[in-house]
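Dear colleague,

Please find below the structure that I am handing over to you, followed by an account of what was found in it.

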Amino acid sequence: MGNAYFITATGTDTGKTFVAEGLARAWRRRGRAVRALKPVMSGYSPEQASQSDAGRLLAACGEAVTQGSVAAISPWRFAAPLSPDRAAALEGRSIDFDDLVAWCRREVLRSQDAVLVEGVGGVMVPLDEHNTVREWIIALDLPVLLVAGTYLGGVSHALTAVAALREVGATPSVIAVNESVDGVGLETTLASLRPHLDNIPIFAIGRDDAPGLEGFAADILASDP
Ligand SMILES: Nc1ncnc2c1ncn2[C@@H]1O[C@H](COP(=O)(O)OP(=O)(O)O)[C@@H](O)[C@H]1O
Ligand SMILES: [Mg+2]
């Protein structure tokens, strides 16, 4: 088994896929093989597979985007751009939580590569009536990488997400503060967040910030257990 990380966020559109793509590309440039999974994907249309999260992750890992390769890293795909519980219900389906956990465990264990598991939405998006992403994180027991934004209100969302994860012993290993469009800026966000996040390493990533992503990727590799 290679090293694996679960990538979650304070909310949707915060930059989970962007950060995962950046890590995958940077690690591959350093000679590391990387596999990325997007086990649960809503808002998916097969005609736009390459723009989907799974398609973007496959490309970042140097793999072709086909219906088959998308299905292989993203078994739970739903059309509606809703939380997975609702998107599944609209198709008369549901996510079998035990199957989801077992599938992820198997994929992580059988891989010799570094594995990035992208969650869905934020930390507490419902997967079904009993489980949210948080239960998924607990069950997988992987180091958690939390992506937060710099939009106004983002600091509270970040601290709320950290509190929710801490409550169940899943404190993030690292937080990536990823600059939002029209936000209050990285410096303001970091200055506000840092004093409240005593021991958690925080990384700042600007807009289209290739060096920032590169530094982040190098740092995570350096801190590999
Ligand atoms: N730092 C950034 N610089 C430029 N574009 C970004 C950055 N972070 C995110 N984006 C873009 O913003 C959009 C939403 O980010 P995405 O990674 O898809 O969020 P999530 O996976 O959390 O839903 C995507 O088009 C992504 O490429
Ligand atoms: Mg995404």
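Helices α1 and α9 are roughly perpendicular to each other, because angles of 65 to 115 degrees are counted in that class and the two helices pack at an angle of about 70 degrees. Please note that this is a predicted model. On the α1 side the contact is formed by G22, L23, A26 and W27, which meet L213, E214, A217, I220 and L221 of α9. By class, this contact has 7 nonpolar residues, 1 polar and 1 charged.

The strands come next. An open sheet is built from 6 strands in the order β2-β5-β1-β6-β7-β8, and the pairing is parallel. At its edges are β2 (34-37) and β8 (202-205), each of which pairs on one side only. On average, neighbouring strands of this sheet are turned by 25 degrees against each other, direction ignored. Within the sheet, β1 (residues 4-9) and β5 (residues 114-118) run parallel and are joined by 4 bridges. Y5 stands opposite L116 in β5.

How does α1 relate to the strands? Helix α1 lies across β1, β2, β5, β6 (144-149), β7 (174-178) and β8. Relative to β5, helix α1 runs at about 170 degrees.

A second pair of helices may also be of interest to you. The axes of α7 (residues 154-167) and α8 (residues 186-193) come within 10 Å and cross at roughly 40 degrees. That angle makes α7 oblique to α8. The crossing of these two helices, α7 and α8, is right-handed. Their contact is made by G154, V155 and A158 from α7, together with T189, S192 and L193 from α8. The residues of this contact divide into 3 nonpolar and 3 polar, with no charged residue.

Yours sincerely,

A colleague

Terms used. Residues are numbered from 1 along each chain as its sequence is written. Chains are lettered from A and ligands numbered from 1 in the order in which they are written. This is a predicted model: local features need pLDDT of at least 70, side-chain atom pairs count only at pLDDT 80 or more; totals for chains, interfaces and linings use all residues. Axes are lines fitted to C-alpha atoms, for helices over the stretch in contact, and angles run from 0 to 180 degrees between N-to-C directions. Angles under 35 degrees count as roughly parallel, over 145 as roughly antiparallel, 65 to 115 as roughly perpendicular and the rest as oblique. A crossing is left-handed if the near helix is turned anticlockwise from the far one by less than a right angle, and right-handed if clockwise. Two residues are in contact if their C-beta atoms, placed from the backbone, lie within 7 Å. Ala, Val, Leu, Ile, Met, Phe, Trp, Tyr, Cys and Pro count as nonpolar, Asp, Glu, Lys and Arg as charged, and the others, Gly among them, as polar. Two strands pair if DSSP finds at least two bridges between them.
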